[in-house]
Amino acid sequence: MDEEGEAIQPQEQSCWATLPDVCLRRIFWWLGDRDRSRAALVCRKWNQMMYSADLWRYRTITFSGRPSRVHASEFESALWYVKKFGRYLEHLEIKFLNPYNAVLTKKFQVTMRGLLSCLGKSNNRLRSLSIQHLELDRLVWRNSIRGSLIKSLSFFLKKMGKHLDHLSLKGARLTVEQGCHILNSLSYLRNENLASELNIEDFFSHHLAVYGSSQFNKAMATFHNLTFLTLNYNCISDELLETLSENNAGTLRTMNIKCHVHDPHGQVVWGMSWAKLARQASSLKVNFFFERVMKYERLARILLQEIPVRSISLRSCYFSDPDWSMRPTLMDLLPTFRNTLQKLTFEFNNNHESLDEQLHLLILACRKLFYFKIWAFLDVKFVERILKSQEEGQCSLRTLKVRIYTNRYETNEEDRTLREIYRKYRKLIDSELNYFVIAYPMM
């Protein structure tokens with residue numbers, strides 16, 4: 001009652017005050033760190049919501065490699081986050097983008113030492129760790145800084161390795177000794193490691209013949225539960241395939257293999273080794289990614305018929321070699337995998353030879369092929385031939401992406417023809433295909 005004896009009406013309560021926890025948690029999930037911190041000051045309930053484990057399970061921490069006032073607080077905020085919410089982390093991705101100088105690499109190393117130390121003490125939930133593209137063989141990484149970072153990472157993996165299910169150190173570029181030291185940390189004080197996903201693409205520096213290292217084969221022998229394995233072809237050997245057959249036959253499903261022109265890839269790997277692995281790991285599918293390794297003789301040494309190849313990517317970028325021909329690969333080598341190939345990606349400069357007919361026949365031969373992407377010199381009518389074959393049921397593509405190179409700046413004629421083709425097969429394209437086709441001046 002007020003002074004005049006009239007009843008005071010209770011103030012209407014905001015609908016936010018009665019919002020169910022599940023809805024409020026979802027709203028917090030969409031907020032950035034700064035907005036979450038501000039929202040946590042509203043009331044006790046919202047402050048409690050700030051510490052909900054669901055909000056902090058996934059985290060990507062990005063450090064800029066360039067000196068900038070805008071990015072100056074990245075290192076401090078990363079440590080603040082881990083100290084505050086690191087115990088909830090289950091999936092952590094760390095990126096350090098193109099470090100500019102030794103000062104920044106030192107700052108990153110010190111930050112990582114504190115970050116990993118804090119995680120090692122407070123977290124027992126971490127399942128996935130990704131630290132990609134460190135490029136530790138660059139000159140901006142002084143020996144002492146590089147050594148300290150490797151030491152911190154190795155110590156962390158010794159402690160947390162038993163929890164990790166997924167580890168990606170893609171692009172670390174280490175020596176064989178350094179790389180094997182880190183891999184062995186995962187099975188510290190144990191005879192085996194149960195991680196199911198391992199990505200060590202470009203984990204070792206270029207030009208290293210890792211396939212001849214007994215250290216590497218011994219380190220890989222500790223993995224007993226691999227489902228997905230990504231690595232470079234310069235790591236492949238008969239010994240490694242034998243190890244995978246013995247220790248991971250019941251689990252191994254996918255191998256992604258990158259072969260770069262600067263990596264040693266002349267080793268002899270016997271077809272019987274691949275055949276044994278394919279027989280033991282009956283669900284295995286192998287994906288190959290070739291970077292500027294285009295000549296038939298080299299490809300034929302690698303792509304053995306015993307391999308259960310699911311996809312092949314051949315990229316030469318814009319390099320052109322008049323003495324090189326793609327026809328033997330398209331006509332003789334790739335049809336070997338007609339019963340298993342599902343994805344094909346081509347990117348090459350074939351200005352010196354026409355490949356329309358060979359590519360069309362390859363698509364028709366691979367009955368399981370559902371993804372086809374190509375950037376090359378082609379006739380515009382090539383697209384129409386593919387669509388006609390799709391309409392007649394001769395192929396079963398779900399994705400068709402084509403960039404047609406031309407030697408002219410103007411592509412008006414090609415664009416007009418492509419529009420006519422689209423109108424003609426619009427019903428087919430809209431109902432069956434993820435379709436992208438464009439003419440591109442290659443000058």
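Q: Which residue of strand 11 does Lys-343 stand opposite?
A: Lys-343 stands opposite Tyr-371 in strand 11. Strands here are DSSP runs of E with at least two residues, and helices are runs of H or I with at least four, numbered from the N terminus. The model is a predicted one, in which local features need pLDDT of at least 70 and side-chain atom pairs pLDDT 80 or more, while totals for chains, interfaces and linings use all residues. Residues are numbered from 1 along each chain as its sequence is written, and side-chain values use heavy atoms, without hydrogens or water.

Q: How do you know that strand 10 and strand 11 pair?
A: Pairing requires that DSSP find at least two bridges between two strands. Strand 10 and strand 11 (residues 371-377) share 5 bridges in the parallel sense, so they pair. Strand 9 (residues 309-315) and strand 10 likewise pair in the parallel sense over 5 bridges, with Ile-312 opposite Leu-344.

Q: What makes strand 10 largely enclosed by the rest of the structure?
A: Of the 5 residues of strand 10 (residues 343-347), 4 are buried, and the strand is therefore largely enclosed. Buried means under 20% relative accessible area, exposed means over 50%, and partly exposed lies in between (1.4 Å probe, protein chains only).

Q: Why is Phe-288 called buried?
A: Phe-288 has 0% relative accessibility and therefore counts as buried. Phe-288 lies in strand 8 (residues 285-291). Leaving aside residues up to four places away in sequence, Phe-288 touches Tyr-233, Ile-257, Ile-302, Leu-303, Ile-307, Val-309, Ser-311, Ile-312 and Ser-313, where contact means heavy atoms within 4.5 Å.

Q: Why is helix 4 called roughly parallel to helix 5?
A: Helix 4 (residues 74-85) and helix 5 (residues 102-122) pack at about 5°, with axes 9 Å apart. Axes are lines fitted to C-alpha atoms, for helices over the stretch in contact, and angles run from 0 to 180 degrees between N-to-C directions. Angles under 35 degrees count as roughly parallel, over 145 as roughly antiparallel, 65 to 115 as roughly perpendicular and the rest as oblique. Helix 4 is therefore roughly parallel to helix 5.

Q: What makes helix 6 roughly parallel to helix 7?
A: The axes of helix 6 (residues 143-160) and helix 7 (residues 176-185) come within 8 Å and cross at roughly 20°. The helices are therefore roughly parallel. Among the residues making the contact are Ile-150 and Leu-153 of helix 6 and His-181 and Ile-182 of helix 7.

Q: How many disulfides does the structure hold?
A: The structure holds 0 disulfides, a disulfide being a pair of cysteine sulfur atoms within 2.5 Å. Cys-395 is in no disulfide, and the nearest cysteine sulfur, that of Cys-366, is 11 Å away.

Q: Why does Cys-395 count as buried?
A: Cys-395 has 7% relative accessibility and therefore counts as buried. Cys-23, with a relative accessible area of 36%, is partly exposed.
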